[in-house]
Amino acid sequence: MARLLVIEDNERLAALIAEGLAGLGYRSDIAHSLADADAALAVAAFDVIVLDLGLPDGDGLDWLRARQPAGEPPALILTARGGLEDRVNGLDAGADDYLVKPFSVEELAARLRALLRRPGRRAEPVLKVGSIKYDSTSRSASVDDRPLDLARREADLLELLLRRAGQVVRRRSIEDALYRLDEAVTPNALEAIVSRLRRKLDDAGAVGQLHTVRGVGYLLREPDQAR
Amino acid sequence: MKGSDSIVGRLTLSLTLVALIGALLLLLFIGIEYRMSFAELSDASALPAIIHELTEHVVIPMLLLATPMTLTGLWAIRRALKPLEEAARKIDAAQGQSRGVRVEVESLPLEAKPFARSVNALLDRVDVAAAMHEAFAADIAHELRTPLTLLSLELDQLDGAKSEQLRLDVGAMRRLIDQLMLLAQVDAERAAHTSPTPVDLVELAGDVVAQMAPAALADGRQIELNGENSGVVPGRREAIAAALRNLVENALRVTPAGDTVVVLADRPGELAVRDGGEGLSPERLDILVQRLRRADHASSNGAGLGLAIVARIMAAHGGRLVTNPDRRELRLIFPLC
């Protein structure tokens, strides 16, 4: 169970976030000020920080920037500042993601899942989206617990898409990750790998999860379900 | 008398009066000098002589005096009023621009300067009021976000048929708040004259498509990027991205499920969005774009202020938003440099 630190001065909002996330399998500690947050971080290890920007004892961005050398855990900013440059400023200050109020618990949970899937110290070794599972240490994939036979690049691609599930992964960054610098990449090579991977996923029962966004990249989604 | 409403009319009227009074005085003077009386007028033989005398001493001098006076007067007035006309034209031309319009006082005739200064003072007050209005809109939008978040999170805990509708309503409010903030910011940036930076339109379009694809797919619509010829334009990246995002949102709303929204980066300095809707006529686009100016906010379907904001962002970049209903396209056109 992932453990979060929610830094939010509005008590009711903090409680609602914690409550909503508890239903989705996250345990949240609440800090109402930056001082509380520092105290909490000193005594416990957290997987993700959820940070509101306007806090009674300072600005969340400055706090984040000052903490930056410490590096972890990843931080997601919650803010009422939805301006054009605010997102850029937030990411520059060392935030890993940025969510503008108002949001739903589902949206927040989806962002948290994406953060926890990122490669890094606390990345989970087993990635799971719907019925697709990938163990990044043994590099083995399965659908509904039935093993999937993947070529090296297909497996690399699947891992990349799983780590950023729900988001479009741009063509160029896939090519950069799959091929060495000195390897020539023909325009159709990636498409061929994607279509082979898609066929294997479809055959195994994970139908319609791997999408092409033409001209931009690829995206792996949770299977559609009635909400 | 209608003519007296214009300065030229007044001048003509007063010059006519001067001529008439002059003619009467001259007539009187001549009458006294030549001891002519009205009695002699009845004498038929004397009449031509009298008329000759009057023409020579009254009509010709008056015409010689009055004609150049009228022409010079007209010329002087036209010349003096020219700067006022210029100033009026400038103010009219600046209609689309909300801030910083001023009358140039120096070029105006002395008599018109106090008036021009008062107009400028009024424009100053209008600008200050506009700035306050924008800041107020941004503040309101900002302050609304937290209660709206609470509402949205409380809704997440509710089940039932009603809660889904309420969630949609919260979503609509959130869109409106986003648009208000965006609008306030675009205007503030324009007022501050932020300098533009080179923006790679193809790369920007890719970002916007990547950002919007997950939600589009979740709604059963495809989205794709076509072409890579748009090149680089000077501008404000986040504002242009917001404009394109608004167009894509609009396109997703009118495109039936299962269809595709296409973002086109097909021509230099241009980006377009093709949807699966019925196409938007130029007249209809005009109405939607004018909504901000007319303060006509009676929107029912959530189309909101999106297109009006896009048009304003484009205007801030010296470009325009055009529609091509036959191709079901809305196109952003930036000036080529």
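Visitor: Which residue in S2(A) is the bridge partner of A:Leu5?
Guide: A:Asp29 is the partner of A:Leu5 in S2(A). Strands here are DSSP E runs of at least two residues and helices are H or I runs of at least four, numbered from the N terminus. This is a predicted model, where local features need pLDDT of at least 70, side-chain atom pairs count only at pLDDT 80 or more, and totals for chains, interfaces and linings use all residues. Residues are numbered from 1 along each chain as its sequence is written, with chains lettered from A and ligands numbered from 1 in the order in which they are written.

Visitor: How many bridges join S1 and S2 of chain A?
Guide: 6 bridges join S1 (residues 2-7) to S2 (residues 26-31), and the two run parallel; strands count as paired if DSSP finds at least two bridges between them.

Visitor: What does the chain cross through from S1(A) to S2(A)?
Guide: Helix H1 (residues 11-22) of chain A, in a right-handed β-α-β crossover. Right-handed means that, with the strands pointing away from the viewer, the path from the first strand over the helix to the second runs clockwise.

Visitor: New topic: how many residues of chain A are in contact with chain B?
Guide: 29 residues of chain A, against 29 of chain B, with contact meaning C-beta atoms, placed from the backbone, within 7 Å.

Visitor: And what gives the most to chain A's side?
Guide: H1(A), with 5 residues. S12 (168-170), S13 (210-213) and S14 (217-220) of chain A each supply at least two residues as well.

Visitor: What's the strand order in that 3-stranded open sheet of chain A?
Guide: S12-S14-S13, with antiparallel pairing. S12 and S13 of chain A are at the edges with a single partner strand each, so one side of each has no neighbour in the sheet.

Visitor: Which helix packs on the sheet?
Guide: H6 (residues 201-218) of chain B, touching S12, S13 and S14 of chain A.

Visitor: Last one: is B:Ser195 buried or exposed?
Guide: Exposed, because B:Ser195 has 7 other C-beta atoms within 10 Å. The cut-offs on that count are 12 or fewer for exposed, 20 or more for buried and partly exposed in between, with C-beta atoms placed from the backbone. B:Ser195 sits in the loop between H5 (161-192) and S1 (197-200) of chain B.

Note on methods. Two residues are in contact if their C-beta atoms, placed from the backbone, lie within 7 Å. Axes are lines fitted to C-alpha atoms, for helices over the stretch in contact, and angles run from 0 to 180 degrees between N-to-C directions.
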